[in-house]
Amino acid sequence: ENGGVIMFERKYEIVPNAPAHTSWDDYSKISLKEYRNLLETASDDETAFQHFFEENPSFVPGAFELFGSSGHYPYTQSLITQPKLDGGIFNRVPDFIWLAQDSLSFTPVLIEIEKPNKRTFTNAAIQSSDFTQALGQLQEWMSLLSIPENILQFYRCFDIPEWMKKKKFAPQYGLIYGRRAEYENNSILLGKRAQLVPPNVMLASFDRLQPDPKGQDLLCTSLSHGQYTVKTIPPTFRYSPMTADNLSVVNGFDCAITKMNHCSDERKNFLIKRYPYWEEYGSLDNKGVMNSSDCE
């Protein structure tokens with residue numbers, strides 16, 4: 001203490017001159033090129049896009065909520081791919097879920113993707129059966145998550161901590177569907193498409209997606225029996241005191257480092273070496289003063 005005032009201090013150290021992570025500019029160029037190539041060569045293969053988004057979580061909207069822009073990271077700092085849910089809340093699990101949040105709300109974002117070559121309208125400009133089916137999937141989830149006992153089961157499945165349960169439960173829904181070329185030069189179809197989904201649903205074409213710079217440190221995880229296991233880490237990832245607590249919520253982070261794409265061996269070895277340090281720091285109750293610009 002100093003004159004009765006508690007002196008706050010930093011309780012972590014940043015390694016200077018650490019091996020560099022892949023820059024955001026380099027990553028954006030590489031990943032966008034891969035994505036556009038995939039759109040041209042694999043538009044009838046939904047699995048190829050599921051895999052791409054797992055490798056590149058920042059392409060998937062919703063980490064910081066779909067409507068508005070939260071300043072909070074999603075719980076677990078990760079995109080959750082096809083979670084295995086105990087208790088059968090859903091007949092069909094979402095392709096992806098973000099456990100997004102802000103200061104007042106817990107906003108799970110449930111994302112459905114369809115293969116890009118599916119059409120929104122028939123040749124007669126009527127809503128296609130494929131689109132009706134995809135929208136019906138979202139409406140089913142909406143209905144199920146309006147039931148209090150299902151919300152409690154959702155909390156259990158995702159092992160949601162008590163402090164998040166106290167927030168308002170406000171799920172959002174996203175549908176990644178179709179290609180822009182189907183409707184962009186047709187004002188009637190463009191207008192019709194805008195009216196197809198309810199207010200809490202975001203409809204996006206595959207052409208609209210691009211990596212979000214706010215997501216450079218986001219992981220992809222799988223979920224089974226309430227346990228999160230890291231599936232992929234982007235090459236832009238950095239350790240930070242602001243997000244270190246997430247390392248103790250997920251399993252297998254250190255194992256996933258070795259599988260990182262577009263990342264130097266020197267950088268991987270550094271991440272492996274520093275993992276125990278940041279995991280331990282993340283588990284501290286009193287983390288001291290943190291600077292949001294500190295990372296390594």
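Tutor: A salt bridge is a side-chain nitrogen of Lys or Arg within 4 Å of a carboxyl oxygen of Asp or Glu. Side chains of opposite charge can pair when their charged atoms come close. The model is predicted, so local features need pLDDT of at least 70 and side-chain atom pairs count only at pLDDT 80 or more, while totals for chains, interfaces and linings use all residues. Residues are numbered from 1 along each chain as its sequence is written, and side-chain values use heavy atoms, with hydrogens and water left out.

Let us begin with Asp294 and Arg10, whose side chains meet in a salt bridge with an N to O distance of 3.3 Å. Asp294 lies in the segment after helix H8 (265-282) and Arg10 in the segment before helix H1 (24-41), so this pair ties together parts that are 284 residues apart in sequence. Helices (H or I, at least four residues) and strands (E, at least two) are DSSP runs, numbered from the N terminus. Asp294 is buried, its relative accessible area being 14%, whereas Arg10 is partly exposed at 47%.

The next pair is Glu182 and Arg119, which form a salt bridge at 3.8 Å, N to O. Here, too, distant parts of the chain are linked: Glu182 belongs to the loop between strand S5 (172-176) and helix H6 (187-194), Arg119 belongs to the loop between strand S3 (105-113) and helix H3 (129-144), and the two are 63 residues apart. With a relative accessible area of 15%, Glu182 is buried; Arg119, at 41%, is partly exposed.

A further salt bridge joins Arg274 to Glu296, with the closest N and O atoms 2.6 Å apart. Arg274 lies in helix H8 and Glu296 in the segment after H8, so the pair ties together parts that are 22 residues apart in sequence. Both Arg274 and Glu296 are buried.

Salt bridges can also be joined to one another. Glu40, Arg179 and Asp207 are linked in such a network of salt bridges. A search of the whole structure finds 11 salt bridges, among them the pairs of Asp294 with Arg10, Glu182 with Arg119 and Arg274 with Glu296.

Notes
Buried means under 20% relative accessible area, exposed over 50%, partly exposed in between (1.4 Å probe, protein chains only).
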